[in-house]
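Colleague: I have a two-chain model open and would like to know what stands behind the terms used for it. Please show it and take my questions in turn.

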Amino acid sequence: MTARIGVVTFPGSLDDRDTQRAIRLAGAEPVALWHKDKDLHQVDAVVLCGGFSYGDYLRAGAIARFSPVMEPLIEQAKAGLPVLGICNGFQILTEAHLLPGAMLGNDHLHFICRDQKLRVENADTAWTTDYTAGQEIHIPLKNMDGRYVADEYTLDKLEAEGRVAFRYLGLNPNGSLRDIAGISNEAGNVVGLMPHPEHAVEPLIGSGRTDGLPFFTSILKKLVNA
Amino acid sequence: MSRTPLDTVEHATATPDVELPWAELGLKKDEYERVVEILGRRPTGAELAMYSVMWSEHCSYKSSKVHLRQFGEKAPQSDAMLVGIGENAGVVDVGQGYAVTFKVESHNHPSYVEPYQGAATGVGGIVRDIIAMGARPVAVVDPLRFGAADHPDTKRVLPGVVAGIGGYGNCLGLPNIGGEVVFDACYQGNPLVNAGAIGVMRHEDIHLAKASGAGNKVILYGARTGGDGIGGASILASETFDDAKPSKRPAVQVGDPFQEKLLIECTLEAFAEKLVVGIQDLGAAGLSCATSELASNGSGGMRVTLDDVPLRDSTLSPEEILMSESQERMCAVVEPAKVDRFLEICDKWDVIATVIGEVTDGDRLEIYWHGGKIVDVDPRTVAHDGPVYERPYARPDWQDALQADDANKLPRPATGEELRDQVLKLVSSPNQASKKWITSQYDHFVQGNTVLAQPEDSGIIRIDEETGLGVAIATDGNGRYTKLDPYHGAQLALSEAYRNVATTGAKPLAVSDCLNFGSPEDPAVMWQFAEAIRGLADACQQLGTPVTGGNVSLYNQTGEAAIHPTPVVAVLGVIDDVARRTPVAFREEGQLLYLLGDTREEFGGSAWSQVIHDHLGGLPPKVDLERERLLAEILISASRDGMIDAAHDLSDGGLIQAVVESALLGDKGARLVVPDGLDAFTFLFSESAGRAVVAVPRSEELRFTDMCGARGLPVTRIGVVDGDTVDVQGEFALPLTELRTAHEETIPALFA
């Protein structure tokens, strides 16, 4: 028995096939979910992948957040369903208030695509147990609206509760406050980050590293051992 | 609406003396008379709109056709060619049942007027050509040329173009894996924004632009039709102006990449269910082009009801609807029994789809508006029987003087210190500097199949996860070489792209070209054009790489001053296993550096002559296509058999430029020794063609040099990967940190 991990395709999702591939390479079974689905087809976890859902019109993630599939997703995430939001998925999770804060346009006003150095700050979330805290990894980053912001109170709370999951190292590519690249919810089942772990799962492809694979092996272990 | 009466066919027949604004629509008097002769009466306004736009230079290739024929006549025998020139894009067999379609097009003028939207819709257009062949787009490339890097207008044009390419391509989910950025004052006011795309499909999925089978439905789907990009048609509509009508509309179309992404997914889903008989994208000339081309390539005629076209602006006249270049639209021909399913798929993707007509068993294209027949033509006369011009051409009288102004006679650096200084100037010059600031605005990871992307010699995309089959693409063009000698300049563009593909380990298969020139009405420009095509066609024949399609962009000039003749050549290659690809970066200290090929004193058109002396004169490097072929074979064999760990082609900037790039990318230095028989300056800066530098693991040295020796390729050991400097022994040493600053800070300093 392996775990079934759903990947939601919204109109404008781009990395859905890539995310399914990463799930497969980790040994789990990817399940394609459509944004109009009214239930989650009994998946054990869900990834909201990168892209430009609804063209990022209005505000990144703001329209996708109201897709039918989000209703059961929000409800089950609150009850503990593991959910990973990558890039546009992270934006959708903040718009859905499953994660605090918001994403603004990059401070340099350009799209940026680079192999980004990160530090794993929290290796205890549902999606990060195959890392060690303090580990430095390289994960591709590509976004237009990646500047993570929140009020000082929220930021302090995230830091105090160990909910900053990843921090940019070397260069802060978008002006995110406190170099935050990714965060989790209080329970640690919902994680969002701007970099793209699904683009770092094969030695030959993209950045040529496999630093992203532990996201998918972490969740698989958790689900299979549960 | 105030138009009375409607200019129907009947009305046109009854009112033969009505004057139509054919001249304002860009038709010449004899062209208009030819339309009247074809129809046997005066055209209706709508017919005139169609003929004028379809017979334009852009759509009819009327000045270039007589020369372009050589690509067909001289086409080498190639088993790889599945679909040739004339379709939306050529299709090439890459083995294992896969077919690849690719094409390069220009969007030059719109990108000067409105850089962001011009460049964005350039990407959109080329991607729709790829989908229209039945393929999933897998990558884009963007060869770009701008005016002087420090000209204030370049600061307006470049950031807009780059943001437009990124904004559109990134949102489509297409990795941007290659292209070029070149600066030259000759492109001031005429930037060249070329866009290329590659798509992949199975052999059986190839689709063509034809409307067959009487009774089949014509479905228009995608964006609503609006008033953008109408151009001349508004003259026809001007009689109908009333207060409700927007008075000014943009001549440059506005792109919506989100809509295009939906269009891609919904089209591919329809293909997968075999719902489509024929398909055409709506690009230049919009519905005029799509309906006349579909109808003329099919077996019957076509009847279209224009009232059924979904509009963004309800005040559009029929002429405007026919000419609108609103983006993100496609036209499919579907059997009646499959129409419901087709519409269902469109609905799933929130794409508007409307049946606007059907294929008839006649041979006429008939278009109706408000119940009246406003077009009744033989579609072939619109789409294929446009005028053909034999423009006069003549070698310009300044060509001899240009070639006599020998760059080999320019003052050369005399000391190691001067060499060092000129190397720094070269690698930091805008043309030779790192373009990372630009390419980092493009997504090159999406789809998870990118094996190599710029600044590698060619981009490589994996197309089969099981077998590792991949395709490579490189685009090159050198306007300076081509200005000095159009025939050989075009061949050098092909040679370089061919070499770039081989350097990464892929086998070159086929060519697409984007031919950017000045006005065809200038005999000197026409001579450049004729010579470049002759050169390219001859070289394609010799190298066995057929031209599968492409695009011609003329009138790239301001007043009397034309751009350098700039044929941009894209070469597509195949690699059986992407794990064997060879990257540019030095990977391991101690590996031996070998120079492949012959180095001669060749500085005409070189980057050195431009950067150090602001000079353009003499002759470009000698072309030796058999040498290129041999070099390619060696590079491919060496890559397949694991004999080399890094390779870089030598082109503009010469050996030192290549070594600096490989060193910086790998963060490993190099110790170089000037070989016997060469002086340090020629060794470092010559731009002789047919050369590459490779890094060979010591364990492979003998095997590699034996192979080169046995095949007759000159191979010279020039140094070793080592340390953190680029050290030319006895001359100078440059720390990587200093080189990195020089190479990487130029472009951000100019444009960030």
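Colleague: How many residues does the contact take from chain A and from chain B?

Modeller: The contact takes 24 residues from chain A and 25 from chain B, where two residues are in contact if their C-beta atoms, placed from the backbone, lie within 7 Å. This is a predicted model, in which local features need pLDDT of at least 70, side-chain atom pairs count only at pLDDT 80 or more, and totals for chains, interfaces and linings use all residues. Residues are numbered from 1 along each chain as its sequence is written, and chains are lettered from A and ligands numbered from 1 in the order in which they are written.

Colleague: What makes His196(A) count as buried?

Modeller: A residue is buried if 20 or more other C-beta atoms lie within 10 Å of its own, exposed if 12 or fewer, and partly exposed in between. His196(A) has 31 C-beta neighbours inside 10 Å, so it counts as buried. Among the residues that His196(A) touches are Cys87(A) and, from the other chain, Phe445(B).

Colleague: And why is Glu198(A) called buried?

Modeller: Glu198(A) has 32 C-beta neighbours inside 10 Å and therefore counts as buried. Its contacts include Asp15(A) and Gly448(B). Glu198(A) lies in the loop between β11 and α5 of chain A, and His196(A) is placed in the loop between β11 and α5 (213–225) of chain A.

Colleague: Where does UniProt place the feature "active site"?

Modeller: An unreviewed UniProt entry places it at Cys87(A), His196(A) and Glu198(A); such annotations may be inferred rather than shown by experiment. These positions are spread over 112 residues of sequence, yet they cluster in space, with a largest C-alpha distance of 11.0 Å.

Colleague: Why is α20(B) called oblique to α22(B)?

Modeller: Helix α20 (residues 523–543) and helix α22 (residues 625–640) of chain B pack at about 45°, with their axes 10 Å apart. Angles under 35 degrees count as roughly parallel, over 145 as roughly antiparallel, 65 to 115 as roughly perpendicular and the rest as oblique, so α20(B) is oblique to α22(B). In their contact, Ala539(B), Gln542(B) and Leu543(B) of α20(B) meet Leu625(B), Glu628(B) and Arg629(B) of α22(B).

Conventions:
Axes are lines fitted to C-alpha atoms, for helices over the stretch in contact, and angles run from 0 to 180 degrees between N-to-C directions. Helices (H or I, at least four residues) and strands (E, at least two) are DSSP runs, numbered from the N terminus. Lists of a residue's contacts leave out its neighbours within four places in sequence.
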